[in-house]
Amino acid sequence: MFTGIIEATGVLESTQFPGDNLLWVIRSPISSDLREGQSVSHDGVCLTVTGVDQGTHQVTAIRETLEKSNLGSRKPGDWVNLERSLMLGDRLDGHLVQGHVDCRGVCRQLTEMEGSHVLRIGFPPEFSRLLIEKGSVCINGISLTLFDLTD
């Protein structure tokens, strides 16, 4: 479980496609503190750390994850939002986020409003029953509050 509050950003150092999977190597301020087997949110997707080495960590995304997220379109040099999983007793500063991606959305409009931003996101209509006014959604690992829901 995560909160959708970004802990750190990392830089994608390399990508490989062994078979249908995607292997990422990321350099970040938290990489050296990670250990194999830990769950870490990478742009909102819960991935298991498969290796740690000199300020980098490695994760693998399977085909199902690639079909439902934007991870497959990322390239070396891109920034990645990172958040380690919650520990029991932690303060929840955002919302409860599982890190399991249901679908991809498309930013249709970005409006600046006195120090904040409003995003209008399009998504497949079959997911509309999962969203409620004042509910939360996680976009690229960032927990956001929904408002002005329309068809």
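Predicted model: local features only at pLDDT ≥ 70, side-chain atom pairs only at ≥ 80, totals over all residues.
Q: Is Lys134 buried or exposed, and what is its phi?

A: Buried means under 20% relative accessible area, exposed over 50%, and partly exposed in between (1.4 Å probe, protein chains only). Lys134 has a relative accessible area of 61% and is therefore exposed; its phi is near 70 degrees, a positive value in a residue other than glycine. Asp148, in the segment after strand S10 (142–145), also carries a positive phi, near 55 degrees, but Asp148 is partly exposed, at 36%.

Q: Which pattern does the chain follow along the sequence?

A: The chain has one helix and 10 strands, and in sequence order they read β-β-β-β-β-α-β-β-β-β-β. The radius of gyration, taken over C-alpha atoms, is 16 Å, close to the 15 Å from the globule rule (2.2 Å times the number of residues to the power 0.38) for 151 residues, so the chain is as compact as a globular protein of that length.

Q: What is a nonpolar core, and which of its residues touch the most other members here?

A: In soluble globular proteins, nonpolar side chains tend to be buried together. A nonpolar core is a set of buried Ala, Val, Leu, Ile, Met, Phe, Trp, Tyr and Cys residues joined through side-chain atoms within 4.5 Å. The largest one in this model has 17 residues, of which Trp24 and Leu71 touch the most other members. Strands S1 (8–16), S2 (22–27), S4 (45–53), S5 (56–61) and S6 (79–84) each supply at least two residues of this core.

Q: Which residues does Leu71 touch?

A: Contact means heavy atoms within 4.5 Å. Not counting residues up to four places away in sequence, Leu71 touches Leu22, Trp24, His42, Asp43, Val45, Leu47, Ala61, Thr65 and Leu66.

Q: Where is the place of Gln98, and what does Gln98 touch?

A: Gln98 is in the loop between S6 and strand S7 (106–113). With residues up to four places away in sequence not counted, Gln98 touches Met1, Phe2 and Cys46.

Notes: Residues numbered from 1 in each chain as written. Heavy atoms only, no water. Helix = DSSP H or I, 4+ residues; strand = E, 2+ residues; numbered from the N terminus.
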